[in-house]
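Welcome, and please open the structure in your viewer.

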Amino acid sequence: MTFDVAALRAQFPILDQQVNGKPLVYLDNGATTQKPAAVLNVLEQYYRTVNSNVHRGAHHLSDLATGQFEGARETVARFLNASREEILWTKGTTESINIVAHCIGRERLQPGDEVLISTSEHHANIVPWQQACLATGATLKVIPLREDCSLDLEAFDQLLSERTRILAIGHASNALGTLNPVQDMVAKAREAGAITVIDGAQAVSHFPVDVQALDVDFYAFSGHKLFGPTGIGVLYGRRELLEAMPPYQTGGEMIETVSFEKSTWN
Ligand SMILES: Cc1ncc(COP(=O)(O)O)c(C=O)c1O
(Lines give C-alpha, C1' and ligand atoms only; values in the text may rest on other atoms or scores of the structure.)
Protein backbone atom coordinates (compact mmCIF):
# COMPACT_ATOMS: atom_id res chain seq x y z
CA MET A 1 0.00 0.00 0.00
CA THR A 2 1.36 3.46 -0.85
CA PHE A 3 0.41 6.75 0.78
CA ASP A 4 0.34 10.18 -0.82
CA VAL A 5 2.03 11.87 2.14
CA ALA A 6 1.48 15.41 0.80
CA ALA A 7 -2.26 14.77 0.40
CA LEU A 8 -2.42 13.25 3.90
CA ARG A 9 -0.63 16.26 5.38
CA ALA A 10 -3.04 18.62 3.64
CA GLN A 11 -5.99 16.69 5.07
CA PHE A 12 -4.58 16.25 8.59
CA PRO A 13 -2.75 19.36 9.84
CA ILE A 14 -2.20 17.47 13.10
CA LEU A 15 0.68 15.69 11.28
CA ASP A 16 2.42 18.95 10.46
CA GLN A 17 3.17 19.99 14.02
CA GLN A 18 6.67 20.04 15.41
CA VAL A 19 7.66 19.09 18.95
CA ASN A 20 11.00 20.48 20.13
CA GLY A 21 11.92 21.07 16.49
CA LYS A 22 11.18 17.44 15.49
CA PRO A 23 8.20 16.07 13.52
CA LEU A 24 5.33 15.02 15.76
CA VAL A 25 4.94 11.24 16.12
CA TYR A 26 1.81 9.92 17.84
CA LEU A 27 2.19 6.62 19.72
CA ASP A 28 -0.64 6.91 22.26
CA ASN A 29 -3.29 4.75 20.54
CA GLY A 30 -3.87 2.81 23.77
CA ALA A 31 -5.22 6.02 25.29
CA THR A 32 -7.07 7.27 22.23
CA THR A 33 -6.65 6.90 18.46
CA GLN A 34 -6.48 9.51 15.73
CA LYS A 35 -9.49 9.34 13.41
CA PRO A 36 -9.20 8.15 9.78
CA ALA A 37 -10.76 10.17 6.97
CA ALA A 38 -13.53 7.56 6.54
CA VAL A 39 -14.71 8.23 10.11
CA LEU A 40 -14.49 12.02 9.85
CA ASN A 41 -16.26 11.99 6.48
CA VAL A 42 -19.17 9.85 7.62
CA LEU A 43 -19.69 12.00 10.73
CA GLU A 44 -19.75 15.15 8.65
CA GLN A 45 -21.99 13.56 6.04
CA TYR A 46 -24.45 12.44 8.73
CA TYR A 47 -24.78 15.94 10.16
CA ARG A 48 -24.95 17.49 6.67
CA THR A 49 -27.53 15.11 5.19
CA VAL A 50 -29.77 13.24 7.66
CA ASN A 51 -29.31 14.65 11.18
CA SER A 52 -32.64 14.39 13.05
CA ASN A 53 -34.26 12.64 16.01
CA VAL A 54 -33.40 8.94 16.03
CA HIS A 55 -36.34 6.58 16.77
CA ARG A 56 -38.66 9.35 17.94
CA GLY A 57 -39.57 11.44 14.90
CA ALA A 58 -42.44 10.63 12.50
CA HIS A 59 -40.82 12.14 9.41
CA HIS A 60 -38.51 11.34 6.49
CA LEU A 61 -35.20 12.54 7.97
CA SER A 62 -35.86 10.73 11.21
CA ASP A 63 -36.38 7.49 9.25
CA LEU A 64 -33.03 7.99 7.49
CA ALA A 65 -31.18 8.83 10.71
CA THR A 66 -32.75 5.86 12.50
CA GLY A 67 -31.70 3.60 9.61
CA GLN A 68 -28.08 4.71 9.91
CA PHE A 69 -28.12 4.47 13.72
CA GLU A 70 -29.47 0.91 13.59
CA GLY A 71 -27.17 0.07 10.65
CA ALA A 72 -24.22 0.91 12.88
CA ARG A 73 -25.60 -1.44 15.53
CA GLU A 74 -25.75 -4.24 12.90
CA THR A 75 -22.11 -3.48 12.00
CA VAL A 76 -21.00 -3.73 15.63
CA ALA A 77 -23.04 -6.93 16.09
CA ARG A 78 -21.23 -8.50 13.09
CA PHE A 79 -17.88 -7.22 14.45
CA LEU A 80 -18.45 -9.18 17.69
CA ASN A 81 -20.46 -12.09 16.18
CA ALA A 82 -23.46 -11.07 18.32
CA SER A 83 -27.07 -10.31 17.43
CA ARG A 84 -28.23 -6.71 17.16
CA GLU A 85 -30.53 -6.93 20.22
CA GLU A 86 -27.45 -7.65 22.34
CA ILE A 87 -25.58 -4.42 21.42
CA LEU A 88 -26.10 -1.40 23.68
CA TRP A 89 -24.71 2.04 22.89
CA THR A 90 -22.93 3.59 25.86
CA LYS A 91 -20.53 6.48 26.48
CA GLY A 92 -17.50 4.15 26.58
CA THR A 93 -15.95 1.21 28.41
CA THR A 94 -16.27 2.95 31.78
CA GLU A 95 -20.00 3.43 31.40
CA SER A 96 -20.46 -0.07 29.97
CA ILE A 97 -18.84 -1.64 33.05
CA ASN A 98 -20.72 0.69 35.41
CA ILE A 99 -24.01 -0.42 33.84
CA VAL A 100 -23.22 -4.05 34.62
CA ALA A 101 -21.90 -3.24 38.11
CA HIS A 102 -25.10 -1.33 38.91
CA CYS A 103 -27.75 -3.40 37.16
CA ILE A 104 -26.30 -6.85 37.85
CA GLY A 105 -23.78 -6.25 40.66
CA ARG A 106 -25.74 -4.05 43.03
CA GLU A 107 -29.00 -5.85 42.18
CA ARG A 108 -27.81 -9.40 42.77
CA LEU A 109 -24.81 -9.39 45.15
CA GLN A 110 -25.27 -10.29 48.81
CA PRO A 111 -23.00 -10.59 51.85
CA GLY A 112 -20.88 -13.72 51.39
CA ASP A 113 -20.78 -13.34 47.59
CA GLU A 114 -17.48 -12.58 45.84
CA VAL A 115 -16.48 -10.57 42.78
CA LEU A 116 -13.24 -11.69 41.15
CA ILE A 117 -11.01 -9.24 39.24
CA SER A 118 -7.22 -9.13 38.68
CA THR A 119 -4.32 -6.94 39.76
CA SER A 120 -3.79 -5.67 36.21
CA GLU A 121 -7.26 -4.19 35.69
CA HIS A 122 -7.80 -0.60 34.56
CA HIS A 123 -9.49 1.52 37.25
CA ALA A 124 -12.67 1.32 35.16
CA ASN A 125 -12.77 -2.40 35.92
CA ILE A 126 -11.88 -2.04 39.61
CA VAL A 127 -13.79 0.86 41.14
CA PRO A 128 -17.32 -0.06 39.92
CA TRP A 129 -16.89 -3.54 41.47
CA GLN A 130 -15.30 -2.18 44.66
CA GLN A 131 -18.28 0.17 45.07
CA ALA A 132 -20.81 -2.57 44.26
CA CYS A 133 -19.19 -4.75 46.94
CA LEU A 134 -19.23 -1.91 49.47
CA ALA A 135 -22.92 -1.28 48.75
CA THR A 136 -23.96 -4.93 49.07
CA GLY A 137 -21.58 -6.50 51.60
CA ALA A 138 -19.98 -8.70 48.95
CA THR A 139 -16.19 -9.20 48.88
CA LEU A 140 -13.78 -8.15 46.13
CA LYS A 141 -11.12 -10.80 45.40
CA VAL A 142 -8.07 -10.00 43.27
CA ILE A 143 -6.10 -12.50 41.14
CA PRO A 144 -2.36 -11.74 41.58
CA LEU A 145 0.25 -11.60 38.80
CA ARG A 146 3.24 -13.89 38.32
CA GLU A 147 6.74 -12.43 38.17
CA ASP A 148 6.51 -12.17 34.34
CA CYS A 149 3.33 -10.03 34.78
CA SER A 150 1.01 -12.74 33.44
CA LEU A 151 -2.04 -13.69 35.51
CA ASP A 152 -1.38 -16.29 38.19
CA LEU A 153 -3.79 -18.91 36.87
CA GLU A 154 -3.20 -21.29 39.78
CA ALA A 155 -4.28 -18.52 42.13
CA PHE A 156 -7.29 -17.94 39.85
CA ASP A 157 -8.29 -21.61 40.18
CA GLN A 158 -8.04 -21.32 43.95
CA LEU A 159 -9.92 -18.02 44.20
CA LEU A 160 -12.77 -19.17 41.94
CA SER A 161 -15.49 -20.90 43.95
CA GLU A 162 -19.25 -21.24 44.24
CA ARG A 163 -19.12 -17.91 46.14
CA THR A 164 -17.85 -16.14 42.97
CA ARG A 165 -20.89 -14.38 41.53
CA ILE A 166 -19.02 -12.24 38.98
CA LEU A 167 -15.69 -12.57 37.13
CA ALA A 168 -14.65 -9.19 35.61
CA ILE A 169 -11.40 -9.35 33.71
CA GLY A 170 -9.50 -7.43 31.04
CA HIS A 171 -8.93 -9.09 27.67
CA ALA A 172 -5.65 -7.16 27.10
CA SER A 173 -3.94 -5.06 29.77
CA ASN A 174 -3.49 -1.34 29.13
CA ALA A 175 -0.58 -1.21 31.59
CA LEU A 176 1.33 -4.37 30.64
CA GLY A 177 0.20 -5.33 27.14
CA THR A 178 -0.45 -8.88 28.38
CA LEU A 179 -3.29 -10.97 26.93
CA ASN A 180 -5.38 -12.91 29.39
CA PRO A 181 -6.67 -16.43 28.51
CA VAL A 182 -10.24 -15.19 28.81
CA GLN A 183 -11.88 -18.10 26.96
CA ASP A 184 -10.60 -20.65 29.50
CA MET A 185 -11.27 -18.32 32.44
CA VAL A 186 -14.83 -17.62 31.26
CA ALA A 187 -15.49 -21.37 30.82
CA LYS A 188 -14.32 -22.08 34.37
CA ALA A 189 -16.27 -19.13 35.81
CA ARG A 190 -19.47 -20.20 34.03
CA GLU A 191 -19.04 -23.71 35.40
CA ALA A 192 -18.77 -22.17 38.89
CA GLY A 193 -22.04 -20.30 38.20
CA ALA A 194 -20.52 -16.79 37.87
CA ILE A 195 -21.54 -14.03 35.47
CA THR A 196 -18.60 -13.04 33.25
CA VAL A 197 -17.62 -9.52 32.18
CA ILE A 198 -14.72 -8.77 29.81
CA ASP A 199 -13.12 -5.33 29.50
CA GLY A 200 -12.19 -5.34 25.82
CA ALA A 201 -11.00 -1.70 25.59
CA GLN A 202 -7.45 -2.71 24.60
CA ALA A 203 -8.38 -5.86 22.69
CA VAL A 204 -10.86 -4.97 19.94
CA SER A 205 -8.44 -2.91 17.87
CA HIS A 206 -5.82 -5.69 17.80
CA PHE A 207 -7.55 -8.99 16.98
CA PRO A 208 -10.99 -10.39 16.10
CA VAL A 209 -13.34 -10.87 19.05
CA ASP A 210 -16.15 -13.44 18.89
CA VAL A 211 -18.42 -13.17 21.92
CA GLN A 212 -20.13 -16.48 21.09
CA ALA A 213 -16.82 -18.36 20.91
CA LEU A 214 -15.77 -16.69 24.18
CA ASP A 215 -19.21 -17.59 25.64
CA VAL A 216 -19.00 -14.42 27.72
CA ASP A 217 -22.00 -12.66 29.32
CA PHE A 218 -20.84 -9.03 28.89
CA TYR A 219 -18.11 -7.45 26.72
CA ALA A 220 -17.25 -3.71 26.86
CA PHE A 221 -15.24 -1.35 24.65
CA SER A 222 -14.85 2.32 23.68
CA GLY A 223 -15.23 3.99 20.27
CA HIS A 224 -12.36 6.45 20.73
CA LYS A 225 -9.72 3.74 21.16
CA LEU A 226 -10.97 2.03 17.97
CA PHE A 227 -10.58 4.93 15.50
CA GLY A 228 -14.16 6.05 16.20
CA PRO A 229 -15.51 9.24 17.76
CA THR A 230 -15.04 10.21 21.39
CA GLY A 231 -18.10 9.76 23.61
CA ILE A 232 -19.49 6.47 22.31
CA GLY A 233 -18.94 2.92 23.44
CA VAL A 234 -20.46 -0.53 23.35
CA LEU A 235 -21.76 -3.02 25.85
CA TYR A 236 -22.49 -6.50 24.49
CA GLY A 237 -24.80 -8.38 26.83
CA ARG A 238 -26.19 -11.91 26.66
CA ARG A 239 -29.84 -11.52 25.77
CA GLU A 240 -31.34 -13.36 28.80
CA LEU A 241 -29.31 -11.18 31.18
CA LEU A 242 -30.22 -7.93 29.40
CA GLU A 243 -33.92 -8.90 29.53
CA ALA A 244 -33.68 -9.46 33.29
CA MET A 245 -31.78 -6.24 34.07
CA PRO A 246 -33.51 -3.19 35.58
CA PRO A 247 -33.03 0.11 33.69
CA TYR A 248 -29.77 1.99 34.40
CA GLN A 249 -31.23 5.38 33.53
CA THR A 250 -34.82 6.43 33.07
CA GLY A 251 -36.19 9.13 30.79
CA GLY A 252 -37.35 9.47 27.20
CA GLU A 253 -36.72 6.71 24.72
CA MET A 254 -36.75 3.90 27.30
CA ILE A 255 -40.42 4.21 28.27
CA GLU A 256 -43.36 2.27 26.88
CA THR A 257 -46.07 4.16 28.79
CA VAL A 258 -45.75 7.05 31.22
CA SER A 259 -48.02 8.87 33.64
CA PHE A 260 -47.27 10.95 36.74
CA GLU A 261 -47.97 7.93 38.92
CA LYS A 262 -46.22 5.16 37.00
CA SER A 263 -44.17 4.25 33.94
CA THR A 264 -43.55 0.99 32.09
CA TRP A 265 -40.39 0.11 30.18
CA ASN A 266 -39.95 -0.30 26.47
C1 LIG B 1 -8.29 -1.63 29.67
C2 LIG B 1 -9.09 -0.35 29.76
N3 LIG B 1 -10.31 -0.39 30.31
C4 LIG B 1 -11.07 0.70 30.40
C5 LIG B 1 -10.63 1.93 29.97
C6 LIG B 1 -11.51 3.12 30.09
O7 LIG B 1 -11.94 3.52 28.82
P8 LIG B 1 -12.86 4.81 28.62
O9 LIG B 1 -12.12 5.94 29.27
O10 LIG B 1 -12.95 4.96 27.14
O11 LIG B 1 -14.17 4.55 29.27
C12 LIG B 1 -9.34 2.03 29.41
C13 LIG B 1 -8.80 3.33 28.98
O14 LIG B 1 -7.61 3.53 28.90
C15 LIG B 1 -8.55 0.85 29.30
O16 LIG B 1 -7.33 0.88 28.75
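**First stop: around the ligand**

Select Gly92, Thr93, Thr94, His122, Ala124, Asn174, Asp199, Ala201, Gln202, Ser222, His224 and Lys225: these are the residues around the ligand, each with a heavy atom within 4 Å of it. This is a predicted model, in which local features need pLDDT of at least 70 and side-chain atom pairs count only at pLDDT 80 or more, while totals for chains, interfaces and linings use all residues. Residues are numbered from 1 along each chain as its sequence is written, and side-chain values use heavy atoms, with hydrogens and water left out.

By class, this shell holds two nonpolar, eight polar and two charged residues. Here Ala, Val, Leu, Ile, Met, Phe, Trp, Tyr, Cys and Pro count as nonpolar, Asp, Glu, Lys and Arg as charged, and the others, Gly among them, as polar.

Now look for polar contacts (pairs of N or O atoms within 3.5 Å). At Lys225, a polar side-chain atom sits 2.5 Å from a ligand oxygen. Ser222 places a side-chain N or O atom 2.6 Å from an oxygen atom of the ligand. Thr93 uses its backbone instead, with an N or O atom 3.4 Å from a ligand oxygen. How much of the ligand does the protein bury? Taken alone, the ligand exposes 400 Å², and the protein buries 83% of that (Shrake-Rupley method, 1.4 Å probe).

**Next stop: a hairpin**

A hairpin of four residues links S10 to S11. Finally, click on Val258, and you will find Ser263 in S11 opposite.

Technical notes
A polar contact is a pair of N or O atoms within 3.5 Å; within protein, one must be able to donate a hydrogen and the other to accept it, and residues adjacent in sequence count only if both atoms are side-chain atoms. Two strands pair if DSSP finds at least two bridges between them. Helices (H or I, at least four residues) and strands (E, at least two) are DSSP runs, numbered from the N terminus.
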